[in-house]
Amino acid sequence: MKVFNTMTLDKEEFKPLHDKIINMYVCGPTVYNYIHIGNARSAIAFDTIRRYFEYRGYQVNYVSNFTDVDDKMIKQAAADGITVPELADKFIAAFHEDTAALNIKPATVRPRATEHIPEIIDFVLDLIKKGYAYEAEGDVYFRAKKFKGYGILAHQDLAEMESNAAGRLDDGELARKEDPMDFAVWKGANGDGAIAWESPWGPGRPGWHIECSVMATKYLGNHLDIHGGGIDLAFPHHTNEIAQSEVHTGEKFVEKWLHNGFVTVGDENEKMSKSLGNFTTLHAMLANSNDPMVLRFFLATTQYRRPIAFSQKNLDQAARNLERIRTSYRNLQFRLTDAIDSEDDLVMADVDSFVAAYNAAMDDDFNVQNALTELYNLTELANMYSQAAVVSHKVAEYILQTIADLMMIFGVDGLAQEELLDAEIDALIQERDAARVVKNFARSDEIRGELAAQGIILEDTAQGTRWHR
């Protein structure tokens, strides 16, 4: 198996540090609003990677955090007339609801920054003790340039990064820092009174970057197999995590850095983000969707490092492709009703060959698009087999289970047709009878086909339409 390591900009062989156990940390959202489709893309990309590891027999310790205190949250809570914890609780609940609808597996641990204030303070004290951090008027800053190799993950020129950093600072913060590149690991409350904790440097709150270092090392140890997140986090967030973590532990922080690409919108392929105001919230999309699995399928079936162009046209194409898979599954599922007890080694071997090719694609840095090609090949086989004169129950079950297993790596379930209630069947038959009266034979045939696909056989008699399963 090979993965693309952002640190080296190369595909590298992946072997976990501990046999069959993968320790994986993925940066979660700052919970001051509903997550947008870009956030959902990252969550789905790494959920798909996690699912594939588990499919291949690994135990994945998957930790993803909530940033539940920062300047954006303080501003939003004030605007809403509520406290920061109330704001956090509201949008954490919404996150769980929305991600469950997309079949994103719960993290092994989903820690909140505010639950780890003592550990954060101890971490900062250690950085000061080692000479890598300093206090200035209630703030504590990390001496970025003192860390050897600072900025390597970002693959940017240090002088350019320094110039950009200086341009983002107000005069007060620039005066407090020894160097513009230094970053805050603790922020003094400065009398704003919004939310603060007592510390050796006065009341304040943690800096953004320190939170992830503390939570990652607490739950996964000093040396992680994988750290993931959006590519926009490589600098400064992940760059700063590396520096402060390795100073604190004296060990290499992360073995492989994986970053997902952006979701883009519009003719200019502009990155979707809250700051640009061009985002669509996942919450709003789900409220207007009768099939969340279409969105899941759309976001899961582009290779994680590639950008995704978000448009209704592309969503509609994903819906058609998903329906193609569902139809082939259900066609074969229907044939179980007349399948016999027999063997067919040649068909079983064909299934195994598609699975091997699927696995080879996923082993190549989770190339879901090539893997999807093999899944389409498998569904074509399912369609052909469902039309055979004689169907083996064992073979049909094997094909169906294989399709379900491979689709579950993409996080898509609900392939099987739910059995209609008798009342629902009667209502469709009444609709069909009405369509025939007005000579709408297209709709009449469509309803017959819908029912047949679900194992409902219609018989038109002089006494009316009868049905049986």
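The following dialogue examines a predicted model of a protein chain and the reasons behind the terms used for it.

Student: What makes up the secondary structure of the protein chain?
Tutor: The chain comes to 16 helices and 15 strands. Its C-alpha atoms fill a box of roughly 90 × 50 × 40 Å along the principal axes.

Student: How many of the residues count as buried?
Tutor: Of the 469 residues, 51% count as buried; the term requires under 20% relative accessible area. The chain exposes about 21,300 Å², and carbon and sulfur atoms supply 50% of that area.

Student: What share of the contacts joins residues 24 or more positions apart?
Tutor: Among contacts with a separation of 6 or more, such pairs account for 76%.

Student: Where do the mean positions of the positive and negative charges lie relative to each other?
Tutor: They are 2 Å apart, for 47 positive and 72 negative charges.

Student: How do you know that the span of helix H1 agrees with its number of residues?
Tutor: Helix H1 covers residues 37-55, which is 19 residues. At 1.5 Å a residue these should span 27 Å, and the end C-alpha atoms are 26 Å apart, so the two values agree.

Student: Why is Ala88 called buried?
Tutor: The cut-off is under 20% relative accessible area. Ala88 has 0% relative accessibility, and therefore counts as buried. This residue belongs to helix H3, residues 84-101.

Student: Which residues are in contact with Ala88, leaving aside its neighbours within four places in sequence?
Tutor: They are Val31, Asp68, Met73 and Arg112. A contact requires heavy atoms within 4.5 Å. Asp68 is 20 residues from Ala88 along the chain, and their C-alpha atoms are separated by 5.6 Å.

Student: What makes strands E5 and E6 a pair?
Tutor: Two strands pair if at least two bridges are found between them. E5 (residues 133-136) and E6 have four bridges, in the antiparallel sense, so they meet the requirement of at least two. Ala133 stands opposite Phe142 in E6. The hairpin of E5 and E6 has two residues between the strands, and Glu137 takes a positive phi near 55° there.

Student: Which other strand pairs with E6?
Tutor: Strand E7 (residues 183-188) pairs with E6 in the antiparallel sense over three bridges. Ala184 in E7 is the bridge partner of Tyr141.

Student: Which way do the residues of E6 point, and are they buried or exposed?
Tutor: In E6 (residues 139-142), Asp139 and Tyr141 point one way, Val140 and Phe142 the other way, and all are buried. In a regular strand, side chains alternate between the two faces of the sheet.

Student: In what order do the strands E11, E12 and E13 form an open sheet?
Tutor: The order is E12-E11-E13, and the pairing is mixed.

Student: Why is one side of E12 and of E13 left without a neighbour in the sheet?
Tutor: E12 (270-271) and E13 (308-309) stand at the edges, each with a single partner strand, so one side of each has no neighbour in the sheet. E11 (residues 263-265) pairs with E12 in the antiparallel sense over two bridges, and Glu270 in E12 is the bridge partner of Val265.

Technical notes: Residues numbered from 1 in each chain as written. Predicted model: local features only at pLDDT ≥ 70, side-chain atom pairs only at ≥ 80, totals over all residues. Heavy atoms only, no water. Expected span 1.5 Å × (residues − 1). Buried < 20%, exposed > 50% of the residue type's maximum accessible area, 1.4 Å probe, protein only. Areas by Shrake-Rupley, 256 points an atom, 1.4 Å probe, with all protein chains shown as cover. Lys, Arg positive; Asp, Glu negative; His and termini not counted. Charge placed at Lys NZ, Arg CZ, Asp CG, Glu CD.
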